[in-house]
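Notebook open. I want to go through this model from the inside out and write down what I look up.

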Amino acid sequence: RKRGAEDLVEVLSMLCGDEAALQEGSASWVELASALLQFSCPTLRSEDLPALALKCMSCKLDAGVEEGTSVEAALRMELGNLDRLLLMVLSGPEFLPEFVALCEKVLPLWWTTHLVDLLHHCGQDAKVEGSADLSLRESLLLQYAEHLSGHPALWKVRLDYLCECPTRGMDALVAAIGELPLSTEDEGDQLLAYMDLTFFSEQAQRGLPRTSLQKLSEARASVHNKRATANLQAGNVSSGILHLLKAGDFTEVQRLVDRFLEDFIAELSESLAKPSSTAASGKSPDSADGAPRGTTPGHFLASVAQVVEYGAVEDARKPRQRWGPSPEEAGEEGFSAADRAAALESLSCISNVHKAFEHMTAGRMKEAAELFTEVVNSPSAPPRLWVVVVLLASP
């Protein structure tokens with residue numbers, strides 16, 4: 001009973017902030033500092049924390065630290081790494097470079113990065129030595145993002161870290177997007193969905209400067225171009241054209257149209273010269289010469305028709321949102337309103353040719369003739385397409 005009463009007195013003394021009781025009941029200077037902050041001096045100002053830490057060290061450590069010792073002098077004493085780190089943290093942002101240097105020696109990069117990030121959110125940060133704009137926090141985030149580049153499966157995490165870098169993160173982010181391998185269609189779709197949600201949603205756009213949105217828009221177009229190339233090489237013509245339209249690469253769309261029409265004319269001319277020609281037999285041009293679907297010029301017509309039916313051409317006709325100067329204002333070559341109009345009209349005409357051929361093979365000659373006439377009368381139809389119309393309509 002007597003021991004119980006003594007324990008109660010000791011507990012009550014701690015709760016009342018008795019320093020002697022708190023010192024006796026603490027196992028380390030960190031415990032003592034925490035107890036004093038909670039029970040003895042809860043309103044202590046942040047600038048007084050270094051003095052409190054040194055006072056607690058003088059009570060609990062045998063390193064020669066005495067009350068009144070300066071932080072600089074204490075750091076030169078035989079302190080453990082954890083004691084040094086905690087003293088630096090409590091001493092304010094002027095010791096942050098030394099804190100980071102010690103962390104990099106004794107802790108993995110992940111720990112260092114996130115400790116400095118926590119300090120940043122507590123109001124402590126400092127610039128990298130010799131830099132006017134790069135903070136220690138951002139420098140470590142960039143380093144960790146670069147470290148993650150060796151782990152392809154963590155590409156989303158890498159991009160998330162770069163999004164937290166306000167001064168140099170955008171350029172690094174665009175470069176990282178360009179480095180992603182995107183070996184499958186699914187990986188490309190995941191990246192595009194990530195970009196749309198993270199950067200191009202209405203809420204995200206309000207928080208980003210126009211220059212950043214312009215860079216990200218160019219990066220998204222580059223991803224679409226990569227996917228277009230991969231799909232076209234694999235024979236997925238419709239997917240390839242869809243990606244080119246989303247990238248705004250209308251010059252490449254027109255080049256594809258011209259190339260496939262040239263091949264198609266050569267194929268039709270050769271087929272019509274044979275007794276068992278494709279046109280005479282009524283078979284779809286896709287099956288000409290026994291070539292696999294997706295690689296023949298005839299399949300190009302069907303693929304374009306799919307793109308038009310999907311609504312991608314109408315979507316591409318809508319004004320494209322731009323966050324920087326127009327290509328004409330910036331002196332850029334390539335894209336122009338005329339390029340877009342010509343490419344989209346070419347796709348629409350090719351789709352009509354495909355529909356007309358289907359009507360013709362089904363015996364609906366009137367409907368086929370109307371579509372052929374519409375194509376021929378179109379002022380923007382590719383010149384080679386007229387040859388295709390003549391060859392397809394030949395008896």
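I started at Val388. I skipped its neighbours within four places in sequence and listed the rest: Val388 is in contact with Leu261, Phe264, Ile265, Leu268 and Val353. I note that this is a predicted model.

Next I looked up the core. Val388 and Val353 are both among the residues with the most contacts inside the largest nonpolar core, which has 39 residues. Ile241, Leu245, Phe300, Leu347 and Leu385 are also on that list. Which helices supply at least two residues each of this core? I found H15 (237-247), H16 (250-272), H18 (297-310), H19 (312-317), H21 (337-361), H22 (365-377) and H23 (383-393). I then found a second, separate core of 31 residues. Leu22, Ala74, Leu79 and Phe95 are included in it.

Is His243 buried or exposed? I count His243 as buried because its relative accessible area is 7%, under the 20% cut-off. Leaving aside neighbours within four places in sequence, I listed its contacts as Glu185, Leu192, His224, Arg227, Ala228 and Asn231.

Then helix H6, residues 81-90. Its buried residues are Asp83, Arg84, Leu85, Leu87 and Met88. What covers them? The cover includes H3 (29-40), H4 (49-60), H5 (71-75) and H7 (96-106). I also checked what comes after H6: Gly92 follows, and its phi is positive, near 100°.

On to the surface. I found a nonpolar patch made of Leu8, Val11, Leu12, Leu15 and Phe39. Together they have about 430 Å² of accessible area. Helix H1 (residues 2-15) gives the largest share of the patch, four residues. Leu12 is found in H1. I call Leu12 partly exposed because its relative accessible area is 42%, which lies between the 20% and 50% cut-offs. One reminder on geometry: an α-helix has 3.6 residues a turn, so residues three or four places apart point the same way.

Last, the totals. The chain has 23 helices and zero strands. Of its 395 residues, 41% count as buried. Among contacts with a separation of 6 or more, residues 24 or more positions apart account for 52%.

Definitions and conventions:
Residues are numbered from 1 along each chain as its sequence is written. This is a predicted model: local features need pLDDT of at least 70, side-chain atom pairs count only at pLDDT 80 or more; totals for chains, interfaces and linings use all residues. Side-chain values use heavy atoms; hydrogens and water are left out. Buried means under 20% relative accessible area, exposed over 50%, partly exposed in between (1.4 Å probe, protein chains only). Contact means heavy atoms within 4.5 Å. A nonpolar core is a set of buried Ala, Val, Leu, Ile, Met, Phe, Trp, Tyr and Cys residues joined through side-chain atoms within 4.5 Å. Patches are made of residues with over 30% relative accessible area and no salt bridge: like charges are joined within 9 Å, nonpolar side chains (Val, Leu, Ile, Met, Phe, Trp, Tyr) within 5 Å. Accessible areas come from the Shrake-Rupley method with a 1.4 Å probe; for residues, only the protein chains shown count as cover. A salt bridge is a side-chain nitrogen of Lys or Arg within 4 Å of a carboxyl oxygen of Asp or Glu.
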